[in-house]
Each structure stands twice: as structure tokens, then as C-alpha cells.
Amino acid sequence: MKVANSVITCTVILLVLLCGSAAGNRKASFSFKAQENGVGMVAMAPSSDEGICKSMVETQGYQCEEHTVTTKDGYILGMQRIPVGRSGGTPGTRPPVLLQHGLLMDAITWLLLPPEQSLAFVLSDNGYDVWLVNSRGTKYSQGHTSLTPNDPAYWDWSWDELVAYDLPATIQYVHDQTGQNLHYVGHSQGTLMALAAFSKGEVLNMLRSAALLCPIAYMGQLTSPLAKDAADSFVAETVYWLGLNEFDPRGEAVVKLLKDICSKPGVDCTNLLTSFTGQNCCLNSSIVNIFLDHEPQPSATKNMVHLAQMIRQGTITMYDYGNAVENTQHYGQPTPPAYDMTSIPNDLPLFVSYGGEDALADVNDVKLLLGSLKDHDGDKLVVQYRDDYAHADYVMADNAKQDVYDPLIAFFRLQ
């Protein structure tokens, strides 16, 4: 890819975790309407003509339902349900599966490829009741019972809150709606959320199994030069200290940060996606344009700081407030509590797939995680290794259906 084309790939800096914009510069994704429902004023879901169902699912010939769920801390998350496949079927009798996207993405992650290749559609056509979730702060989950995204307090969270609030709320909702335990699929940060929750014994009673694509628990050995340089240079912390609470990858700060980062030795910004995620083997060039039509999505700057802490420290702990006094105020101890991966129940069915070219879920970090699972029941842990796959291949590769999704579905059918 030539420098002349780097404008397109620079937009993919969403994956670089480096950019922020003041709340005053943010563009409204859509308007929320408030209504009184006996609980308080709540933001309503987007109308059906501007939601994921209308724009991405029904256009492919699938039925789709828009849902919302409110977390215990007031965030209103948009969810989509594909109840049956294109060939039809009986809604409500299929095993449910919940798909959780990664960092700076949303539910469209699972819909980028053609229907025969996108995981959400493949699962639907294979007899599953498919549920998609959008994490707080992303385009279809910007509601709150009392705040708006222009309020700094709206962005006062890291992935700790995704573990404590978003994940339980969405899993509980699918469980209640279907009356069944569900399968879970996470990619990247979606795996971190699940692993942290499992280590605390949360949501396990509502799950059949979990599939972890590009599992993130430890990040101390990641090889992405862009992510590592950002963490070592305290970029996210600097943005946070400047009062930019929202990490908006489409913000005006991108241009300056790109110039700064791309001037670093060893950073090739002619292909930022590869520089950040690793050398993806199997992406069709046209997928990038589809990707850029919908992504990147915002996150909280505090979340970026938390991930940077993990990269520098090589640990998996709760957010570190930087001093013993504040940590004690929040946690009752001077250091943030750790998420203990060895506490994950040995009988929880897990499908783990990781790639040899992944610069974010690095092979050595994944091996640390697998070491924590060494006592897992042999018939409850399936580990798949793709030596040619990098981070984006798992949701955007042309051959992911046969190489990853078919084995994943075979695993689900055994549970």
C-alpha cells in the first residue's frame, strides 16, 4: 500500500487506541427521545429505520428485532436479534447465542462479510437464535437514564464496568427472553470481558459455553508497535489528563496524533491496520471500505488508560487509580484487585482460537492464559491455533467461515 493511499488506512487508526476528541466536538449519531416509564426518564432506542436491523440485517433477507437493555448503572444498550435463518424456522425454540464485539467496534463487526461468511448470519442459518450487543458509548448504545454522551460522567468507565454491568445485563436479558442458557462468542475485548466475569464466578449459571476469538487476558507481550508505543508513551493518560473523556477515533485530534505516532522509528503508517493488528492473511481489500462505512466507534478514554496499564504491567487487574489512597477508596486496598484466571471453573466449556500473526492477542500472552487453564477438564476445552491469522482475520477473513466458524459451531453442538 502506497503512502498516497494512507489516508484510507489512517482512518483505521480506530484500532490504534490513540485518539480523543472533546465532547463538544462530537457528532450526534442519532437523536434519542425520552419517555416516562415509571422508572424515570430514559433514552429510547433509535427508530427502526436507522438501526442495525434495517441497515444491515433485513437487507440480506433475514428477520431482525431491535431490543434495548438498561444496565444497573443506567446505560441503555442497543441489541439486535436474528431469530431465524433465511430459510425460516420456529422462533423461540433455537439455542441462543450472544455475540460481543471488541474495542472501538460495535455489533456490525459480525455483519461485515456477505451472509455466507459473516458469523451472525452463519449461526442463524445453522439453527441458532442470534443476539448482537453494542457496548456502551457506541453508536447504538448512547442512551442513559440520566446522562448524555456530552456529560463527562457518561464516559467515566473502563472495561471493569463492561464486566460488572454490560455483560451481566445482556446475558440476563437474552436468558430471560429465551428461557434458555446461551452460548457466548467474544472477540478481543469481548473475550476480556468474559474471562474477567468468569474468574469472578459471574453469569456462569446462564451459559452453555463460550467461544473466545483472539483471547485477551494478558497484554504484556503484545508486539504491535503502535499499541506498545502508545502505552509506553502514556498517550491515553495524556488525553485523559487533558480532560478528553471520550475516545473518538473520528475526532479532530487524530491528525496530530497520527503525525506524532508515525514519526516514531519502526512505525510504518502506510499500512496502519497491519502495523497494529499484525499481518492479516485473508482480508479482501474491499472489506476495508465496508468496514470504514460503519467503524470506528467511540470508547471511554479511561478504558484506553486501563488497557495501557495492562500492556505496561503485563497483569490483569482492575483499573489502577495511580496511588494507594485512591485505590484504597475504591477497592479497600492500596493496589487494584487482580482477576484470577485460575479461578475460571474447570468444567466451563471453552472454545479458544488464536493466531500466530496476531500482534494484539500475542501468542505468548495467549500461552499465559492457557497456562492458567492447564487444569481445565480435557473434554471442556478446545484450543484452535491458526499460524497465519492475525487480529482482524477472525471477523473479516474470507475463509473464516470454514476455518474458524464451522469448528466453532461443531463445538457448540456438543454442549
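## Basis

The model is predicted: local features need pLDDT of at least 70, side-chain atom pairs count only at pLDDT 80 or more, and totals for chains, interfaces and linings use all residues. Residues are numbered from 1 along each chain as its sequence is written, and side-chain values use heavy atoms, with hydrogens and water left out.

## Helix H13

Helix H13 spans residues 363-372; helices (H or I, at least four residues) and strands (E, at least two) are DSSP runs, numbered from the N terminus. Its buried residues are Val 363, Asp 365, Val 366, Leu 369, Leu 370 and Ser 372. Buried means under 20% relative accessible area, exposed over 50%, partly exposed in between (1.4 Å probe, protein chains only).

The cover over these buried residues includes helix H5 (189-199), strand S12 (350-355) and strand S13 (381-386). At the start of H13, the backbone nitrogen of Asn 364 lies within 2.9 Å of a side-chain oxygen of Asp 362.

## Aromatic pairs

The whole structure holds 13 aromatic pairs. Rings of Phe, Tyr and Trp (its six-membered ring) pair if their centres lie within 6.5 Å; planes under 30 degrees apart count as stacked, over 60 as edge-to-face and the rest as tilted. Phe 351 and Phe 411 form a tilted pair, at 5.7 Å centre to centre and 45° between the planes. Phe 351 is in strand S12 and Phe 411 in helix H15 (residues 400-413), 60 residues apart. Both Phe 351 and Phe 411 are buried.

Tyr 75, Tyr 154, Trp 155 and Trp 157 form one aromatic cluster.

## Charges over rings

Arg 136 lies over the face of Tyr 75, 3.8 Å from the ring centre. Arg 312 lies over the face of Phe 234, at 3.9 Å. The criterion is NZ of Lys or CZ of Arg within 6 Å of the ring centre and within 35 degrees of the ring normal.

Terms used. Contact means heavy atoms within 4.5 Å. A polar contact is a pair of N or O atoms within 3.5 Å; within protein, one must be able to donate a hydrogen and the other to accept it, and residues adjacent in sequence count only if both atoms are side-chain atoms.
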